[in-house]
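Hi,

Here is the structure we spoke about. Please have it open while you read the notes below.

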Amino acid sequence: MVAIVDPDEDLVRRVGQGDPAAAQTLVSRKLPRILALAQRMLGDAAEAEDVAQETMLKAWRQAPKWTPGQAKFDTWLHRVALNLCYDRLRRRREIPTETPPDRPDDGPAPDRGLLAAETGARVDGALKRLPDRQREAVVLCHYQELTNIEAAALMSISVEALESLLSRGRRALRLALADLAPGMKPGMTKGVGR
C-alpha cells in the first residue's frame, strides 16, 4: 500500500495533542468548505451549520486517533460531512408533514440584485431536484473543486461512474436552466456544466 501524502498531517497531529492554536487553524481552514458542502447538499442554512459543527466536533475527537498515511484527512472530513447530510436527507423523507414549517428567507442579500438572486435561486432549485448521487457528484467537483479522482474516491465509486453521474447531472441542469443562456439549445455544452 502506498502511503498518502497529507498536507494536514502535522496540523491534525497537533490538534490531537491538544494544541488550541492548531484546533483554531483546523477550523478556520476546513469549516468554510464543509459548511458550503452541507449548504449545497441540504439547501437549509441552519441544518448546514449543524452538520458543519458536528463534522468539526468529529474531527477534533478523531485527531488523537488519526493514523497518517492511510487517507487524506480532508477526504475523511468530507466523507463525514456527506454522511451527516445523507442522514438528514433520509430523516426528511421519513417524516412527512402536513404543512411546511415557517422558514426564514435565506435567499441572497438584496444588494446582489434581483436578477442575480433569481438566477441563483433557479440554479439552487435545479440542483436540489437532481437525484442525490448526481447532486453529490456535481457539488464535489464544481463547488468543492475536487478532482474527479478525489470525488470518486470520496463517493466510493469508480472514476467512470463519477463521470457518468456528472454527465447526467450536467445534462439535467442544462435542460432545467436552458432559458438562462439565450440562444443555447438543450443539448449544447456551453454554460452550466462546462
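**Asp8 and its contacts**

Beyond its neighbours within four places in sequence, Asp8 is in contact with Arg29, Lys30, Phe73 and Asp74. Bear in mind that this is a predicted model. Asp8 sits in the segment before helix 1, which spans 9–16. Is Asp8 buried or exposed? Its relative accessible area is 5%. The cut-off for buried is under 20%, so Asp8 counts as buried.

**The chain as a whole**

The chain has 8 helices and 0 strands. Read from the N terminus, the order is α-α-α-α-α-α-α-α. There are 194 residues, and 35% of them count as buried. Take the contacts with a separation of 6 or more: residues 24 or more positions apart account for 62% of them. The accessible surface comes to about 11,800 Å². Carbon and sulfur atoms own 56% of that surface.

**Helix 1 and what follows**

Helix 1 comes directly after the segment that holds Asp8. Within helix 1, the residues Leu11, Val12 and Val15 are buried. Where do the buried residues of helix 1 lie when seen down its axis? They fall within an arc of 95°, so they line one face of the helix.

Just after helix 1 comes Gly18, with a positive phi of about 90°. Pro64 is 46 residues away from Gly18 in sequence, yet their C-alpha atoms are 8.5 Å apart in space. Pro64 belongs to the loop between helix 3 (45–62) and helix 4 (73–94). With 53% relative accessibility, and the cut-off for exposed being over 50%, Pro64 counts as exposed.

**Helix 7 against helix 8**

Two packed helices are described by the angle between their axes and the distance between the axes. What are these values for helix 7 and helix 8? Helix 7 covers residues 148–155 and helix 8 covers residues 159–176. They pack at an angle of about 100°, and their axes are 9 Å apart. Angles from 65 to 115 degrees count as roughly perpendicular. The two helices are therefore roughly perpendicular to each other.

Which residues make the contact? Helix 7 supplies Asn148, Ile149, Ala151, Ala152 and Met155. Helix 8 supplies Val159, Leu162, Glu163, Leu165 and Leu166. By class, the contact divides into 8 nonpolar, 1 polar and 1 charged residue.

Most residues other than glycine have a negative phi.

- Glu145 is in the loop between helix 6 (132–143) and helix 7. Its phi is near 60°, a positive value in a residue other than glycine. Its relative accessible area is 63%, so Glu145 is exposed.
- Ser156 is in the loop between helix 7 and helix 8. Its phi is positive too, at about 60°, although Ser156 is not a glycine. Its relative accessibility is 65%, so Ser156 counts as exposed.

**To look at on screen**

Begin with Asp8 and its contacts, including Arg29 and Phe73. Then turn to the face of helix 1 lined by its buried residues. After that, view helix 7 and helix 8 at their angle of about 100°. Finish with the loops that hold Glu145 and Ser156.

Best wishes

Conventions
Residues numbered from 1 in each chain as written. Predicted model: local features only at pLDDT ≥ 70, side-chain atom pairs only at ≥ 80, totals over all residues. Heavy atoms only, no water. Helix = DSSP H or I, 4+ residues; strand = E, 2+ residues; numbered from the N terminus. Buried < 20%, exposed > 50% of the residue type's maximum accessible area, 1.4 Å probe, protein only. Contact = heavy atoms within 4.5 Å. Axes fitted to C-alpha atoms, helices over the stretch in contact; angles between N-to-C directions. Parallel < 35°, antiparallel > 145°, perpendicular 65-115°, else oblique. Nonpolar A, V, L, I, M, F, W, Y, C, P; charged D, E, K, R; others polar. Arc of directions from axis to C-beta. Areas by Shrake-Rupley, 256 points an atom, 1.4 Å probe, with all protein chains shown as cover.
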